[in-house]
Amino acid sequence: MLEVRNLRKHFRNGWLGRRPVKAVDNVSFTIAPGCTLGLAGESGVGKSTVGRLVVGLMRPTGGSVCFEDLDVFRAGREKARYLRRKMQIVFQNPDGALNPRMRIGEILAEPLQVHRLAKGRYVKERVAGLLEMVGLGLEFYHRYPWEMSGGQNQRVAIARALSVEPSLLVLDEPTSALDVSVQAQVLQLLKATQQRMKLGYLFISHDLDVIYHIADEIAVMHRGRIVEQGPAATVIGTPRHSYTVQLLSSGLALPI
Ligand SMILES: Nc1ncnc2c1ncn2[C@@H]1O[C@H](COP(=O)(O)OP(=O)(O)OP(=O)(O)O)[C@@H](O)[C@H]1O
Ligand SMILES: [Mg+2]
């Protein structure tokens, strides 16, 4: 479903713009429907840049991203619109991602109207269904984001991403800003939703423990490159790259 080939992104923000930062350097991977690729690595290795490139929020220096055989960076207007719907991104900080001037009901209705997926009273029905799907009651319909907890807002952000019936979600540290108990609930929600909707996930996190719980495959990033990639149990159980070993030994309690 998703095929990323030799993706590169260089930023010219060195001294006098001379030495580019190779934020993403020759990254390749694929994601099948219903599968999760966990992208792990320390802060600054280029994980978020990969996520933004995949959904087309940024243009690459080189390489390609194909979704259902459509080239994300060469799509015409109509196809680009389709891609904007089928690939959604959820960010780390739910509070910043939701418009504080809009009520939760309006936040969830907006994408349905933009993509013409529902009209009139059906909009409200769909919004109610979305709230239920992410475990929030109808009482949240009239609330503002600042009247909700971080965990509740992240559920709203997930519901908004799901509202347009996507096939792929890029989840950029979706639980990192949350309390450990809420983190587990949101991961559970993501897992259940994935099974029901056959969604592909690119799950980005610096936390290998979290990644191990959700991912089928893990790619470990270091300085813009993927240094190790394979089935989750293999990468965690028998890591081959010294950087993965280092990541694993940096204070994690894995259930193995
Ligand atoms: N818009 C930008 N302009 C210039 N440099 C950038 C830009 N975005 C990211 N970078 C640089 O690219 C590198 C990778 O950043 P990125 O945000 O992808 O890292 P990350 O792995 O997501 O880190 P974190 O775990 O802290 O979120 C960093 O050195 C960062 O400073
Ligand atoms: Mg990041």
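Colleague: Which residues point one way from S8, and which the other way?
Modeller: Gly-200, Leu-202 and Ile-204 point one way from S8, while Tyr-201, Phe-203 and Ser-205 point the other way, and all are buried. A residue is buried if 20 or more other C-beta atoms, placed from the backbone, lie within 10 Å of its own. Strands are DSSP runs of E with at least two residues, helices are runs of H or I with at least four, and both are numbered from the N terminus. In a regular strand the side chains alternate between the two faces of the sheet. This is a predicted model, in which local features need pLDDT of at least 70, side-chain atom pairs count only at pLDDT 80 or more, and totals for chains, interfaces and linings use all residues. Residues are numbered from 1 along each chain as its sequence is written, and chains are lettered from A and ligands numbered from 1 in the order in which they are written.

Colleague: Why is S8 largely enclosed?
Modeller: Six of the six residues of S8 (residues 200-205) are buried, so the strand is largely enclosed by the rest of the structure.

Colleague: Which strands does S8 pair with?
Modeller: S3 (residues 36-40) pairs with S8 in the parallel sense over five bridges, and S7 (residues 168-172) also runs parallel to S8, joined by five bridges. Pairing requires that DSSP finds at least two bridges between the strands. Leu-202 in S8 is the bridge partner of Leu-37, and Ile-204 in S8 is that of Asp-172. From S7 the chain crosses through helix H7 (residues 180-197) to S8, a right-handed β-α-β crossover: with the strands pointing away from the viewer, the path from the first strand over the helix to the second runs clockwise.

Colleague: What does Phe-203 touch?
Modeller: Leaving out residues up to four places away in sequence, Phe-203 touches Thr-36, Gly-38, Leu-39, Leu-171, Ile-211, Ile-214 and Ala-215. Contact here means C-beta atoms, placed from the backbone, within 7 Å.

Colleague: Changing topic, which residues come nearest to ligand 1?
Modeller: Of the 13 residues around ligand 1, Ala-23, Ser-43, Lys-47, Ser-48 and Thr-49 come nearest. A residue is near a molecule if its C-beta atom, placed from the backbone, lies within 6 Å of it. Strand S2 (21-31) and helix H1 (47-54) are the elements that give two or more residues to this shell, and H1 gives the most, with three.

Definitions and conventions: Buried ≥ 20, exposed ≤ 12 C-beta atoms within 10 Å, placed from the backbone. Contact = placed C-beta atoms within 7 Å.
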